[in-house]
Amino acid sequence: MRNFKEYSGCIHAHSIYSDGSGTFPEMIKAAQGAGLDYLLASDHMTLQGRDEGYTGWHDDLFLSVGYEINDKNDQHHYLAFGLDEMLPSDYSHEQYIQAVKAKDALGVAAHPFEQRDVQKSVVEFPPIPWGNLDYPEIEVIEIWNMMSHWLELTTGRNKYWNVVHPRSFSTFPSRRLLAWWDRANLDRKVVGIGSVDVHAIKIRIFKLYTKAIFDYKIMFKSIRTHLLCDSELTKSSDSAQVESTIFNLIRDGRTFISNFRRGDARGFRFWIEDGDRELQMGESGTMQRPILKAIIPERGHCRLIRNGELIQKGKATRIEMAVEPGVYRLEVLKGKRGWIYSNHIKILESN
Ligand SMILES: [Zn+2]
Ligand SMILES: [Zn+2]
């Protein structure tokens, strides 16, 4: 088994520079308090946090400031990280997904399949789905967006409960989205990440009490994206270099998603080996006698998916099984709720 340096962090956070309630120093403090290794922040249509120099190391936390792009109808939300200047604001979504790729920045399709019953929902937040995701430039999508997921489940009737206990609703990524993701990966690689989409919106409940829903620190202890890095991210290298390492790992799919509320998933590993050759998450290749292996940091209910279909399930902390060509990913549930979601590994038919 190859040795990796693991980094666990959160993606998609809003500050006061768009519709969040916290300043950058507040977000940084919350991220450090939650024990994150990195944070990718993305305000709507502004790079003010980047312009003010917040990208870089803050003690042991690496922060990269990107932004969340939308089109003129406020649709097709797309996270872009690594750009020093904003793209023209009148770009269509086809234009900005191409421009982000051309500039070698990291693009992520945000809340791609958001669905909400607008009648029953918290009406101030209409759903913002993507509709069609079949653009070759879209290489990374949010598989599990905490905020979007919460809004899908929050109705007028349960909103007070959900406001006080936001993380208790972080049950599973959407089945529809997972099915799309598995199907897409039969043809081309599409990487999945988790996101918090934290705003820490303050709302007033029962007249007297103002509560920040999805407080930063609480949200940073929910959906995380873990990166498996060949070498250590060093503080001596400049920010651009650290950013490009992080973005490449995400683009490559050398990453898995966890819900920290169900347990600390650091140490999870999933790979396929053949003698001394290994395929990691995000990789594909041919193999003679492939053995699929996994290490799960705590006993969980594992579900192995091949070509979009569940082929094996059961409680385990280790998996080792001979497999045939196909596209594999592993999910681990805990207490009947989603805990860990790997990216795909593809074994090609050899002929
Ligand atoms: Zn959005
Ligand atoms: Zn957002």
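A: Asn307 lies in the loop between strand 16 (291–306) and strand 17 (309–322). The model is a predicted one, in which local features need pLDDT of at least 70 and side-chain atom pairs count only at pLDDT 80 or more, while totals for chains, interfaces and linings use all residues. Residues are numbered from 1 along each chain as its sequence is written, and chains are lettered from A and ligands numbered from 1 in the order in which they are written.

Helices (H or I, at least four residues) and strands (E, at least two) are DSSP runs, numbered from the N terminus; the chain has 8 helices and 20 strands.

The backbone at Asn307 deserves attention. Most residues other than glycine have a negative phi. The phi of Asn307, however, is positive, near 50°. As for its surroundings, Asn307 counts as partly exposed, with 15 C-beta neighbours inside 10 Å. On this scale a residue is buried if 20 or more other C-beta atoms lie within 10 Å of its own, exposed if 12 or fewer, and partly exposed in between, with C-beta atoms placed from the backbone. Of the 351 residues of the chain, 44% count as buried.

Asp104 is not a glycine either, yet has a positive phi of about 60°. Its place is the loop between helix 3 (93–102) and strand 6 (106–109). Asp104 is exposed, with 12 other C-beta atoms within 10 Å.
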